[in-house]
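Please keep the sequence and the model at hand while reading.

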Amino acid sequence: MAGLIAVAMLVLGWPLFPWRRLGVAARSLLGRLGLGRSVSPVGRPIEEIARDARRLRIAFRSTPRGTSFVKYEAHRRAYDGVLLEGCLALGVTTLLGVLGPGPELDAERDRIEGRLELFGLDLDLPL
């Protein structure tokens, strides 16, 4: 009989037990101990990367003839750097940081632009 009363109290009292507060307290305790799942983003937001990529793409691709080599190289390195950052953020494998200036790097840059567009990073590439 006592068991039946205990089961009835458990069933009837189940919704009244403060489960939410118990869960909040448990997560708080785990966070203080450093065991909680706190995922913090790594790197910049993808929107900022895309905005910088569009801006630097225009600066790199529309460098007028007669521009100094230093300015051209600065635009190229900045654009390659933001493309590399986009690749890291989206998990795209690239050789941009490995190849030296030349036709191989130009081909890799074109390939990466296309891949990043496929992954959803809007670079305003011509259709």
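In what follows, an axis is a line fitted to C-alpha atoms, for helices over the stretch in contact, and angles run from 0 to 180 degrees between N-to-C directions. Helices (H or I, at least four residues) and strands (E, at least two) are DSSP runs, numbered from the N terminus. The model is predicted, so local features need pLDDT of at least 70 and side-chain atom pairs count only at pLDDT 80 or more, whereas totals for chains, interfaces and linings use all residues. Residues are numbered from 1 along each chain as its sequence is written, and side-chain values use heavy atoms, with hydrogens and water left out.

**Overall content**

The protein has 5 helices and 0 strands, which follow one another along the sequence as α-α-α-α-α. Of its 127 residues, 20% count as buried, where buried means under 20% relative accessible area, exposed means over 50%, and partly exposed lies in between (1.4 Å probe, protein chains only). With contact taken as heavy atoms within 4.5 Å, residues 24 or more positions apart account for 56% of the contacts that have a separation of 6 or more.

**Helix packing**

Helix α3 (residues 46–61) packs against helix α5 (residues 103–118) at an angle of about 150°, and their axes are 14 Å apart. That angle makes α3 roughly antiparallel to α5, given that angles under 35 degrees count as roughly parallel, over 145 as roughly antiparallel, 65 to 115 as roughly perpendicular and the rest as oblique.

Among the residues that make the contact are Y79, L83 and L90 of α4 and R109, I112 and L116 of α5, and the contact comprises 7 nonpolar, 1 polar and 4 charged residues.

**Aromatic pairs**

Rings of Phe, Tyr and Trp (its six-membered ring) pair if their centres lie within 6.5 Å, and planes under 30 degrees apart count as stacked, over 60 as edge-to-face and the rest as tilted. By this rule there are 2 aromatic pairs.

| Pair | Centre to centre | Angle of planes | Class |
|---|---|---|---|
| F60 and Y72 | 5.6 Å | 35° | tilted |
| F60 and Y79 | 5.8 Å | 25° | stacked |

F60 in helix α3 and Y72 in helix α4 (residues 69–90) are 12 residues apart, while F60 and Y79, the latter in helix α4, are 19 residues apart in sequence. F60 is buried, with a relative accessible area of 6%, and Y79 is buried at 0%, whereas Y72 is partly exposed at 33%. Together, F60, Y72 and Y79 form one aromatic cluster.

Conventions:
Ala, Val, Leu, Ile, Met, Phe, Trp, Tyr, Cys and Pro count as nonpolar, Asp, Glu, Lys and Arg as charged, and the others, Gly among them, as polar.
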